[in-house]
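Here's a quick briefing to read alongside the coordinates. Have a look at the model first, then go through the notes below.

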Amino acid sequence: MLRGNKLELLLHLIGDYLAVMICFVIAFWVQFHSGWILDKFDPSKMISEYTRASFFLGAGWVFLFAVTGLYRSWLLLSRTLQVLHVARAVILGIVAILLGLFGSEFIGRLVAGQPLLGDYVYGSRFKWILLYGAGVFFLVASVRMTIAGFLRALLRKGYGANNLLVLGATEAGKKIALAFAKSPERGQKVVGFLDEHYQVMDHEFNGFPVLGKYSDLANLVKKYKVSGIVISHDSSSLQEITRVLTWVCDLPLHIYVIPGLYNVISGHYKTNLVHGFDLQELFAFNMPRWEVRVKRLMDVVVAAILLLCTFPISLLAALAIKLDSKGPIFYSQERVGLYGKRFMVHKFRTMRTDAEKNGAQWATKNDPRITRVGHFLRKTRIDELPQLLCVLRGDMSMVGPRPERAVFIEKLREQIPFYIGRLKMKPGLTGWAQVRHHYDTSLEDVQKKLEYDMYYYENMSLLLDFQILFRTIYVVLTGKGAQ
């Protein structure tokens with residue numbers, strides 16, 4: 001429901017801004033025109049005098065709501081939970097306003113040399129500020145509940161629903177499909193089932209079409225514009241669930257599992273509860289939209305600055321590579337990025353030109369294929385600098401899992417449970433795995449790095465990105481993790 005999600009976001013932005021503007025107008029009236037605050041009573045005051053203040057206050061509230069995660073999609077979440085999130089955001093906002101008001105008065109007294117102790121002007125208006133906060137909470141929550149009702153009314157009429165596929169023509173799958181059919185206001189519509197016994201069963205299952213096998217999933221996702229799948233497989237073994245996930249984890253889909261199957265994979269990854277249904281969402285992406293946009297802006301700015309600042313180092317590295325061994329300065333290779341997208345990465349060459357004459361292989365400790373200059377470039381991570389161009393193009397991020405070669409991914413997705421889940425993240429120049437572990441030299445190293453990568457996915461935030469970037473500086477300066 002991409003269009004539905006965009007409409008929900010737009011309505012929330014407009015609704016929140018209007019709600020806080022109404023509260024501002026009421027607060028203006030109470031302060032200057034009501035006569036309830038005697039020392040502020042001034043009927044000559046015009047609200048047009050406070051246009052700029054109202055704009056910045058409204059923008060501040062919207063920014064706070066964004067930071068606290070209020071602009072996610074709420075259609076599959078509890079309305080009570082949304083109201084509680086609004087309450088949390090408003091409390092934080094009122095605390096910030098109080099600190100700002102009392103702080104500005106404190107600083108004014110300090111600058112003027114007045115006594116810092118004693119009654120503060122805003123102390124007598126504390127209750128009015130709290131009432132203002134209560135008004136913001138009531139109006140914002142009311143508007144959001146109205147928006148939820150409006151969107152659900154549209155969904156009941158068939159507008160903007162997400163298309164879902166159910167994997168497994170089972171009793172559990174039937175219950176979920178019927179539950180969604182009875183609750184169209186949740187914005188989820190089951191378009192059909194997939195089942196491994198497709199050839200021997202009817203092309204219909206309890207009124208829903210059976211569209212093919214699991215191997216048909218990629219084509220059916222495009223054909224029916226599917227945004228999510230529900231795994232209701234017969235088997236409850238980890239091996240069978242892993243096999244199913246290898247078909248879906250590299251697709252841009254929401255992945256839902258029934259609780260019985262979730263118990264098999266619990267302890268591996270965090271999940272989101274789908275309110276009102278017996279479902280858990282696997283590989284749930286919880287980074288707020290505003291952080292995603294800031295992360296991209298940060299990628300462009302940091303990559304551009306690093307390219308300019310390290311240009312002399314890159315020239316020296318290119319010269320050293322040319323003098324040290326025969327062959328090109330750069331090493332170019334196709335890698336796999338977000339949701340399986342192929343792109344070319346470029347690095348300073350650190351190995352001999354015949355390094356892969358016997359086929360693709362991992363680097364090993366004290367690898368004889370690495371040149372003398374290559375050892376230094378790898379230890380200092382200078383060999384990675386050309387990949388900043390991939391960051392600027394948008395194929396990579398500054399922080400994320402390292403992009404892997406297709407030949408290795410095809411092998412690893414069969415050997416390591418949930419390895420393909422890395423493709424739900426845009427690859428990065430550096431990452432949690434890179435600052436916590438050395439280069440991959442074995443399957444065990446790959447498994448360990450996967451744990452770090454999935455930790456990053458589950459806890460992705462701008463704060464964690466900054467932590468990784470600063471730790472990367474430490475790794476570069478010390479050479480730790482680059483052996």
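Y339 sits in the loop between β9 (330-336) and β10 (342-348); strands here are DSSP E runs of at least two residues and helices are H or I runs of at least four, numbered from the N terminus. This is a predicted model, where local features need pLDDT of at least 70, side-chain atom pairs count only at pLDDT 80 or more, and totals for chains, interfaces and linings use all residues. Residues are numbered from 1 along each chain as its sequence is written, and side-chain values use heavy atoms, with hydrogens and water left out.

**Positive phi in loops**
- Most residues other than glycine have a negative phi.
- Y339 isn't a glycine, yet has a positive phi of about 55 degrees.
- With 32% relative accessibility, Y339 is partly exposed (buried is under 20% relative accessible area, exposed over 50%, partly exposed in between; 1.4 Å probe, protein chains only).
- N206, also not a glycine, has a positive phi of about 50 degrees.
- You'll find N206 in the loop between β3 (204-205) and β4 (208-212), partly exposed at 44% relative accessible area.

**Around β2**
- Six of the seven residues in strand β2 (residues 188-194) are buried.
- Strand β1 (residues 162-167) pairs with β2 in the parallel sense over six bridges; pairing takes at least two DSSP bridges between the strands.
- L165 has G192 in β2 as its bridge partner.
- β2 also pairs with β4, again in the parallel sense, over two bridges, and F193 stands opposite V210 in β4.
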